Structures are given as C-alpha cells and as structure tokens.
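I opened this notebook to record what I looked up in the structure. The entries follow the order in which I consulted it.

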Amino acid sequence: MAKTTPALAEEIGKRTDGLIALRRDFHRHPELSHKESRTAEIIAERLHAAKLEVRTGVGGTGVVGVLHGERPGRTIAWRADIDALPLTELLEASFSSGTPGVMHACGHDGHTAIAITMADIMAARRAELAGTAVFVFQPAEEVLGGARPMIDAGALDNPHVEEIYGLHLTTLQRVGQVQVRPGPSMASADAFSVEIRGKGGHGAMPHLSVDPITVAANVLLGMQSLISREVAAQDTAVLTVGQIVSGTKGNIIPETALMTGTIRAFKEGVRDHLVSRMGAFVADIARAYRAEASMRLDYSCPAVVNPAKETEFVSRCLAEDLGGDAVTEGGLVMASDDMSLFLRERPGCYFRVGIGPDAGSPRPHHAPEFVMNEAGLPVGVRTGLGVMLAALGR
Ligand SMILES: [Zn+2]
Ligand SMILES: [Zn+2]
C-alpha cells in the first residue's frame, strides 16, 4: 500500500465526529463480558445499514459482518473486541459510564467504533473494493472467553478467512505512534486453583491435625522457585497467587485451603513446563506436610504470536503511510489477549495504536481513571483501512 489517498483521508475526516460520538455512546453504556447485548445490537444495526451480510449471536454475543467487494481478491478478517470491565469510573464527563460498577477502561469502546467506521468506509467504496472483508466483533475478551466460542461457531468460515488483523489502542504511546511487534507480543495466561486438604482441629494442638494453611504458605513460597530455578534466565514468566481462602477463626485449624492464581509466559515451552510442573509440585509439597493437594486449570489462553511475514507486511504498510518514525516494535506486554486464538487459526498481526495524552503521564488501562486521547481514533481507522485494503488486494 502507498500513502492513504486524499479521497480516503477525506472519507475518514468526514466521519471523525461520528466516530467519536459512537465511541462515547459505547463508553456511556458499557457492558460486561458475555453480556454485550446492546453493543451487539448497535453493531448489527450499523452493519446492516452499510449493507453488509450480518450474523449475530455468533458464539454468544459475537457479531460477524461480511462485505463483498465488486472486484476479485482475497478474504481478510478484522477483529475488534467489544466488552467492558467491572470498575467504577472516576472520570467525570458527559459520556462517563452510566452503569455503576461497569466501565470501558481498556479501550474496547474505541476498537468497536473504529471497526464500524472501517466497515462504513469500505462499504461506501464497494465498487472499487477487491475481495471480501470480514468484520469479527468479539465479546468477552476481558475474561479471555470470547474468541474460542466465535471460532467454534464458524466466525472464520463461510467465507473462508485467509488472514486476520486487529489493533489494540494503548495509552502508553502518543497519538500517531504505532507498535508492530513480530513474534511473541503478549503473554499467555493460565488461571489455576489449588485445593489443599488437611485435617481440621484445635489451634492449640496442631500435632493432632494437618494444617492446610502451613501447606499453602510453603506451596506459595516454593512455587516461585519454578520461575527462578526452572525457567532459563533469558526467558520470562510470572506466577502469581492472587487469592488464598481458608479458615474461620484464629484458634481453629481448618480442613482446607484454596489458592487461585495466574501463570504468564511468552514461549509455549515455558508455559507448558510451568503448567505441567505445577500439579506435581503442589501435590509433592502437600505430601511432605501430610496433606493432599490438587491443581486445576480454570482457563487458558496462549501468547499472542505475530507471524513474521504478515507482521513485516503490516509494518511496511504503516511505515509507508505514517512515516518510518511512527512505527516501532514496542516491548513485550505481560497482559494477555485472546486474539492469540484467532492468530493460531489464521496468520495475521495484532498491532498497537497510540491514544496517549498530549502532555503529562498516561493513565493505565484497567484503572478507574483510564482516559483515552480520542485524536488517536481516526489514526486507528486509517491504520486498519490501510492494512485491510492492502491485504485484500495483495
Ligand atoms: Zn483489557
Ligand atoms: Zn483490551
């Protein structure tokens, strides 16, 4: 692709007010994972209005819009996630969350508005459009639970998608900056729970009991050595226990202790090692203290890995359009995203687009004071269109 044509730039300019208004509407009405019914309804309405073929209820509240160009070409998908988070917004604005305890604090309101605007613009240019664009609006990214049901429901089939692309907005980059990282880009996530079964009794006579809290303490400390002693120093992984539940009173030894946590890694081998070692490790430590323990994986999502060829293509595309200085690789992100599951099904690339503040320090995603610089939204549309149009006609 060459630079965004003046005609395309004009189309984006014409729609920027609408793009921001749409994002603000989603922001005002955030919906939690798997419950995005209003959001899905608006998406479907807008896609219908642009005369796309629309499938709703795809793997839950997912929506798929198919746009056939009038020229021959390939079939390429664009994925946008649509859900919000269980947070109470601190920002006071006319479009602040109107739903107590729910907030778009990750930018998915922006992702949704960008993808709808892209579909609008591409539909208006259908006569010159090559191939078929498939817009995949995915629910429940925040619980890493939306991509799998959409894939199973055939979101990438009929028509058969050849490649899939998408973006995540980031406050850590200034407006106009994009990050396109080949290889591992975001971590895998495996949520686990460990149940330790001891034997309850009087706190004054622990020798007559098997104390599961002491076992939990040793499991907790011991499991960090899986990272420091069993993962190569040049690789990285994180193992966090975020919750321990046990006991009712200070002088009673309880029967059980429950620990829940998360394992993050970038390499499949590291992830597999930790996930498979944890079960035996936990059971062996418990046995040393006369208790029993078992580990259960609660959910899993692989690392986002951008394949070299498609990532190089996106990087070139965006550098030609925005200028070489605007495109960097960016660092590894320890957070996870189930875009990874789509990228396991089809090649493609997941890149990052800046929505950072013009001045001052950026607010973190997933924080109640999260705020996006909306000047980054048209950049999102421009990068998305650039990638899609180039990929369709490639
Ligand atoms: Zn998020
Ligand atoms: Zn997100």
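The entries below concern a predicted model and take up a metal site, some backbone details and a helix pair.

Entry on the metal site. I looked up the donors of the zinc ion (ligand 2) and found Cys106 (SG), His108 (NE2) and His168 (NE2), at 2.1 to 2.4 Å. Along the chain these donors follow the spacing C-x1-H-x59-H. His108 belongs to helix 3 (residues 108-124) and His168 to strand 5 (residues 163-170), so I note that the pair, 60 residues apart, links distant parts of the chain. I found both histidines, His108 and His168, buried. Cys106 also bridges to the zinc ion (ligand 1), and the two ions lie 3.1 Å apart.

Entry on the backbone. I checked the peptide bond from Asn158 to Pro159 and recorded it as cis, with omega near 5 degrees. Pro159 sits in the loop between helix 4 (147-152) and strand 5. In the loop between strand 4 (130-138) and helix 4 I noted Ala140, a non-glycine residue with a positive phi of about 55 degrees. Leu144 is placed in the loop between strand 4 and helix 4, and its phi is positive at about 50 degrees, although it is not a glycine. Ala140 counts as buried because its relative accessibility is 0%; Leu144 counts as buried at 14%.

Entry on the helix pair. I then turned to helix 5 (residues 212-230) and helix 6 (residues 268-288), whose axes come within 10 Å and cross at roughly 145 degrees. The crossing of helix 5 with helix 6 is right-handed. The residues of this contact comprise 11 nonpolar, four polar and two charged. Among them, I listed Val219, Met223 and Leu226 in helix 5, and Leu274, Phe281 and Ile285 in helix 6.

Notes
Residues are numbered from 1 along each chain as its sequence is written. Chains are lettered from A and ligands numbered from 1 in the order in which they are written. This is a predicted model: local features need pLDDT of at least 70, side-chain atom pairs count only at pLDDT 80 or more; totals for chains, interfaces and linings use all residues. Side-chain values use heavy atoms; hydrogens and water are left out. Axes are lines fitted to C-alpha atoms, for helices over the stretch in contact, and angles run from 0 to 180 degrees between N-to-C directions. Helices (H or I, at least four residues) and strands (E, at least two) are DSSP runs, numbered from the N terminus. A crossing is left-handed if the near helix is turned anticlockwise from the far one by less than a right angle, and right-handed if clockwise. Contact means heavy atoms within 4.5 Å. Ala, Val, Leu, Ile, Met, Phe, Trp, Tyr, Cys and Pro count as nonpolar, Asp, Glu, Lys and Arg as charged, and the others, Gly among them, as polar. Donors are N, O and S atoms within 2.8 Å of the metal (3.2 Å for Na, K and Ca); water is not among the atoms, so sites may look incomplete. Buried means under 20% relative accessible area, exposed over 50%, partly exposed in between (1.4 Å probe, protein chains only).
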